[in-house]
Amino acid sequence: MNKRVSLIVLCLVTLGVISSHVSLAQKENGSLLVVDEREIDIVGEANNQWIRWARRCDDVLRLSNDDRRYLEVEKTIKAYSPPNSDSAQLASVWTIGEWTLAEVEFKELLPAVVLTKRINDISVIIPNAVWSGYTKPWKAAPYIREYLSKHSPETPTPLLDCFEPQSHAFR
């Protein structure tokens, strides 16, 4: 076989192997890359990488569980919709200025990401900016960031950009 025919056959075999293992799936929220029946949110992954490269987190703090603001946000979330919210366990809390973003797990409720703002020295939950539920197969951080920015456009961009899910529910 001459080199040209060999190269054409090699390309056809390579394309055949790739097409038998890789495809695109259309879902209601967009397209997913499917590799050997495993769905991958390639757009979410690219968005995550871009945000990690472009963000500026100098003013964003991740609070520890003994911080006064952490405890205040935890108390606010537990009081939001009792009795189910009583079991709130904060996986992470991020803050900038008067804004706080808390990642929460519950015993009987779906996991949530809750946006709060201090108004008159009191933490208040922004009711239209509470993400609740799972994101799989979509990448959690880009999906939640987009949801929160749409529902609370006044939220500081660095707070949303620097949010990195810590909960097992979003990994």
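**View A. Ser87 and the residues it touches.** Leaving aside its neighbours within four places in sequence, Ser87 is in contact with Glu105, Phe106, Lys107 and Glu108; contact means heavy atoms within 4.5 Å. This is a predicted model, in which local features need pLDDT of at least 70 and side-chain atom pairs count only at pLDDT 80 or more, while totals for chains, interfaces and linings use all residues. Residues are numbered from 1 along each chain as its sequence is written, and side-chain values use heavy atoms, with hydrogens and water left out. To find Ser87, look in the loop between helix H3 (68-78) and strand S5 (89-96). Helices (H or I, at least four residues) and strands (E, at least two) are DSSP runs, numbered from the N terminus. Is Ser87 buried or exposed? With 17% relative accessibility, Ser87 counts as buried; that word means under 20% relative accessible area, exposed means over 50%, and partly exposed lies in between (1.4 Å probe, protein chains only).

**View B. Ser87 and Asn84.** Here a polar atom of the Ser87 side chain lies 3.2 Å from the backbone oxygen of Asn84.

**View C. Trp131 meets Tyr143.** A search of the whole structure finds three aromatic pairs. Rings of Phe, Tyr and Trp (its six-membered ring) pair if their centres lie within 6.5 Å; planes under 30 degrees apart count as stacked, over 60 as edge-to-face and the rest as tilted. The ring centres of Trp131 and Tyr143 are 5.5 Å apart and their planes stand at 85 degrees, so this pair is edge-to-face. Trp131 belongs to strand S8 (residues 122-132) and Tyr143 to helix H4 (residues 140-151), so the pair ties together parts that are 12 residues apart in sequence. Trp131 is buried at 10% relative accessibility, whereas Tyr143, at 26%, is partly exposed.

**View D. Trp131 meets Tyr147.** For Trp131 and Tyr147, the ring centres are 5.3 Å apart and the planes are at 75 degrees, so the pair is edge-to-face. Tyr147 has 26% relative accessibility and counts as partly exposed. Ring pairs link Trp131, Tyr143 and Tyr147 into a cluster.

**View E. The disulfide of Cys57 and Cys162.** The sulfur atoms of these two cysteines are 1.9 Å apart and form a disulfide, a term for a pair of cysteine sulfur atoms within 2.5 Å. Cys57 sits in the loop between helix H2 (42-54) and strand S4 (61-62) and Cys162 in helix H5 (residues 157-162), so the pair ties together parts that are 105 residues apart in sequence. The link is left-handed, with -105 degrees about the S-S bond.

Key:
Polar contact = N/O pair within 3.5 Å; in protein donor to acceptor, adjacent residues only side chain to side chain.
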